[in-house]
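This report describes a predicted model of a protein chain. The sections below treat the overall fold, the sheet, the pockets and a number of individual residues.

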Amino acid sequence: RANFMRAIAKELEACGDELLQIAGEETNLPEARLRGERGRTIFQLNQYAEACEKGEWLEARIDTAIPDKTPPKPDIRKMLVPLGPVVVFGASNFPFAYSTAGGDTACAFAAGCPVIVKAHPAHPQTSELVANAILHAAEKCEMPAGIFAHVYGASFEVGKALVEHKYTSAVGFTGCISKPRVALAH
């Protein structure tokens, strides 16, 4: 997973100025802002990769058995496991850091969850370029099929269907304060 996230970061960097140009045309954000935000996104992916490798997020615990104790204490082992598919909604004002490959996506990948991104209609070409970068990285890293999906649709119904789908385990979006099921935080 860590290698996958690092590969996404490299793919985003390899998109070069074309990605920044398209994002600028779609969002009217200045190039300097977009360049900084892409850098932030690359940083987020690399930081989550590092956290993934450390494994501290697993909160793994082993309490060994004490059979001579009355009553006997059993062997107890626990750790956090991936929730399942995470739906991420792209943000209009952050085409990189809170969109297709941003913090919610990186967090979900680090935890071992597949991600379904609903592209924001304000920057569909930008989202598609970033989605292609993720798919190229997934292929290079031989990630399982279905680790990432990219969905378009400006209607409320598309988002509602994704959130309410029986396999959706978590939802991430900018400004997330409610819990439709589970909301990811940064």
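## Overall architecture

Of the contacts in the protein chain with a separation of 6 or more, 71% are between residues 24 or more positions apart. The chain has 186 residues, of which 41% count as buried. Taken along the principal axes, the box filled by its C-alpha atoms is roughly 70 × 35 × 30 Å.

The secondary structure of this predicted model comes to 6 helices and 6 strands. Along the sequence, these elements follow the pattern α-α-α-β-β-β-α-β-α-β-α-β.

## The sheet and its helices

An open sheet is formed by 4 strands in the order 5-4-3-6, and the pairing is parallel. The edges are held by strand 5 (148-151) and strand 6 (170-172); each has a single partner strand, so one side of each is left without a neighbour in the sheet. On average, and with direction ignored, neighbouring strands of this sheet are turned by 20° against each other.

Strand 4 (residues 115-118) pairs with strand 5 in the parallel sense over 4 bridges. Within this part of the sheet, Ile116 stands opposite Ala149 in strand 5. Helix 4 packs on the sheet and touches strand 3, strand 4, strand 5 and strand 6; the direction of helix 4 makes about 170° with that of strand 4. Helix 6 also packs on the sheet, touching strand 3, strand 4, strand 5 and strand 6, and the direction of helix 6 makes about 165° with that of strand 4.

## The largest pocket

The volume of the largest pocket is about 330 Å³. It is lined by 15 residues, and those closest to its centre are Trp57, Leu80, Val81, Cys107 and Ala111.

Helix 4 gives the most to the lining of the largest pocket, with 4 residues.

The lining of the second largest pocket divides into 5 nonpolar, 4 polar and 3 charged residues.

## Two buried alanines

Ala97 is found in the loop between strand 3 (86-89) and helix 4 (103-111). Its relative accessible area is 0%, so Ala97 is buried. Leaving aside neighbours within four places in sequence, Ala97 is in contact with Glu37, Arg40, Thr41, Gln44, Gly102 and Gly103. Thr41 lies 56 residues from Ala97 along the chain, and the C-alpha atoms of the two residues are separated by 4.9 Å.

Ala9 is found in helix 1 (residues 2-14). Ala9 counts as buried because its relative accessibility is 4%, under the 20% cut-off. Not counting residues up to four places away in sequence, Ala9 touches Ile42, Leu45 and Asn46. The C-alpha atoms of Ala9 and Ala137, 128 residues apart along the chain, are separated by 8.8 Å.

## Backbone features in loops

The peptide bond from Thr70 to Pro71 is cis, with omega near -10°. Pro71 lies in the loop between strand 1 (61-63) and strand 2 (76-78).

Asn28 has phi near 65°, a positive value in a residue other than glycine. Asn28 is found in the loop between helix 2 (16-27) and helix 3, and with a relative accessible area of 67% this residue is exposed. Glu142, likewise not a glycine, has a positive phi of about 55°. Glu142 is found in the loop between helix 5 (124-140) and strand 5. The relative accessible area of Glu142 is 73%, so this residue is exposed.

Note on methods:
Residues are numbered from 1 along each chain as its sequence is written. This is a predicted model: local features need pLDDT of at least 70, side-chain atom pairs count only at pLDDT 80 or more; totals for chains, interfaces and linings use all residues. Side-chain values use heavy atoms; hydrogens and water are left out. Buried means under 20% relative accessible area, exposed over 50%, partly exposed in between (1.4 Å probe, protein chains only). Contact means heavy atoms within 4.5 Å. On a 1 Å grid over the protein atoms alone, a cavity is a set of points where a 1.4 Å probe fits but cannot get out, and a pocket is an open set with protein on both sides within 12 Å along at least five of seven lines; lining residues have an atom within 4 Å of a point. Grid points are joined across faces, edges and corners, and a volume is the space filled by probe spheres set on the points. Ala, Val, Leu, Ile, Met, Phe, Trp, Tyr, Cys and Pro count as nonpolar, Asp, Glu, Lys and Arg as charged, and the others, Gly among them, as polar. Two strands pair if DSSP finds at least two bridges between them. Axes are lines fitted to C-alpha atoms, for helices over the stretch in contact, and angles run from 0 to 180 degrees between N-to-C directions.
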